[in-house]
Each structure stands twice: as C-alpha cells, then as structure tokens.
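Subject: Handover of a structure

Dear colleague,

Please find below the structure that I am handing over to you. A summary of what was found in it comes after.

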Amino acid sequence: MARIIFELPASFGFCTELQVYISHVNQGGHLDNAQLLSLVSEARVRFFRSLGYTEGNVQGLATVVGDMLAQYKSEAFHGETLRVEMTPQDFNRYGFDLVFRMTEVSAGREVARGKTGIVFIDRVGRKPAPIPDSVRELLLAVAAR
C-alpha cells in the first residue's frame, strides 16, 4: 500500500493545546488512532469558536466533515500536551480543507498531520450550501496569518 504524502502549509492561522487523557490511550500505551480524530474534532470546534461561530451555526449554515486525512508521524502518550495548529485552504464553492499539524509541546515532536474537508450545509434543505462571502473573507484572513 502506498503511503500518504502530505505537505504542510508554511504557516497556520490558529493554534490550541489539548492534553492526552488516559481515555485517549490504547492497549499499546499510546494515543489511539480513533482518539486522534476526537482530538482533531475538539480542535476544530475551538477553531470555529475562535471565529465567533459554532460548527452547527455559521451564519445560519451547519458544517459537516466531508472527509478526513491523517498521517501519523510519532506516538503520543498519556499526560502529554499536544499543540494543534490549523489553517483553512483549498476553498471550493461549498467548503474548504482545514489543515492541521499536531506536535507534542515539550519536545516539539510532530505527532500527526492531515486535513479535514469541511462542507457547509443548509440545515433546512439538508444540502450543501455556498460559503457566505463574509465567512470566506474571514477564513482567508485566518489563512493569511
């Protein structure tokens, strides 16, 4: 099977820190792959909150995850603090990719990188909806940081 090759952007417009709890660790003693997605989801919630929105209400539209890509770079362990950096990129009419890099804070060791495809949804019609212009402008400003 071919390995995923994923290049990171030069900078990230958002950063948050999360602790690895015992519930995030699997029988191998390191961060479980499903729990990594949970941590990325928490960081995504914080990203939208930093913009003044919730995932369920961005100027009347909901957001959903259309796809997810993760490339693991090293293990993470119980008690470690992880820095999750995110930035929006690859915009299309209905969404964008939220690119992330996760590093362990004290050593600076990269744990994972990837992206989450965000799609805006009309909550009434339950169909993809165009990104509102003001939201697109705000996201582009974050990406330019």
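The notes below go from the overall fold to the salt bridges and then to individual residues.

**Basis of the notes**

This is a predicted model, in which local features need pLDDT of at least 70 and side-chain atom pairs count only at pLDDT 80 or more, while totals for chains, interfaces and linings use all residues. Residues are numbered from 1 along each chain as its sequence is written, and side-chain values use heavy atoms, with hydrogens and water left out.

**Overall fold**

The protein has two helices and six strands; helices (H or I, at least four residues) and strands (E, at least two) are DSSP runs, numbered from the N terminus. Their order along the sequence is β-α-β-β-β-β-β-α. With a radius of gyration of 16 Å, close to the 15 Å that the globule rule gives for 145 residues, the protein is as compact as a globular protein of that length. That radius is taken over C-alpha atoms, and the globule rule is 2.2 Å times the number of residues to the power 0.38. Along the principal axes, the C-alpha atoms fill a box of roughly 45 × 35 × 30 Å.

Of the 145 residues, 40% are buried. Here buried means under 20% relative accessible area, exposed over 50%, and partly exposed in between (1.4 Å probe, protein chains only). Among contacts (heavy atoms within 4.5 Å) with a separation of 6 or more, 68% are between residues 24 or more positions apart. The protein exposes about 7,700 Å², of which carbon and sulfur atoms supply 50%; accessible areas come from the Shrake-Rupley method with a 1.4 Å probe, and for residues only the protein chains shown count as cover.

**Salt bridges**

A salt bridge is taken as a side-chain nitrogen of Lys or Arg within 4 Å of a carboxyl oxygen of Asp or Glu. The count by this rule is seven, and three of these pairs are described here.

In the pair of Arg83 and Glu17, the closest N and O atoms are 3.1 Å apart. Arg83 is partly exposed at 27% relative accessible area, and Glu17 is partly exposed at 40%.

Glu80 and Arg109 form another salt bridge, with 2.9 Å between the closest N and O atoms. This pair links distant parts of the chain, 29 residues apart: Glu80 is in the loop between strand E2 (61-72) and E3, and Arg109 in the loop between strand E4 (95-104) and strand E5 (110-122). Glu80 is buried, at 15% relative accessible area, whereas Arg109 is partly exposed at 26%.

Lys115 and Asp97 are also joined by a salt bridge, their closest N and O atoms being 3.2 Å apart. Since Lys115 lies in strand E5 and Asp97 in strand E4, the pair ties together parts that are 18 residues apart in sequence. Lys115 counts as partly exposed at 23% relative accessibility, while Asp97 is buried at 13%.

**Two residues of strand E5**

Arg113 is in strand E5 and counts as buried, with 14% relative accessibility. Its side chain makes a polar contact of 2.7 Å with that of Glu110. A polar contact is a pair of N or O atoms within 3.5 Å; within protein, one must be able to donate a hydrogen and the other to accept it, and residues adjacent in sequence count only if both atoms are side-chain atoms. Beyond its neighbours within four places in sequence, Arg113 is in contact with residues including Phe6, Leu69, Ala70 and Phe100.

Gly114 is likewise placed in strand E5 and is buried, at 0% relative accessibility. Not counting residues up to four places away in sequence, Gly114 touches Phe6, Leu69, Ala70, Leu98, Val99 and Phe100. The C-alpha atoms of Gly114 and Met68 are 7.5 Å apart, although the two residues are separated by 46 residues along the chain.

Leu37 is in helix H1 (residues 33-50) and is partly exposed, at 35% relative accessible area. Together with Val65 and Met68, Leu37 makes a nonpolar surface patch of about 210 Å². Patches are made of residues with over 30% relative accessible area and no salt bridge, with like charges joined within 9 Å and nonpolar side chains (Val, Leu, Ile, Met, Phe, Trp, Tyr) within 5 Å.

Asn33 also has its place in helix H1 and is partly exposed, at 46% relative accessible area. From C-alpha to C-alpha, Asn33 and Ala70 are 9.2 Å apart in space and 37 residues apart in sequence.

With kind regards
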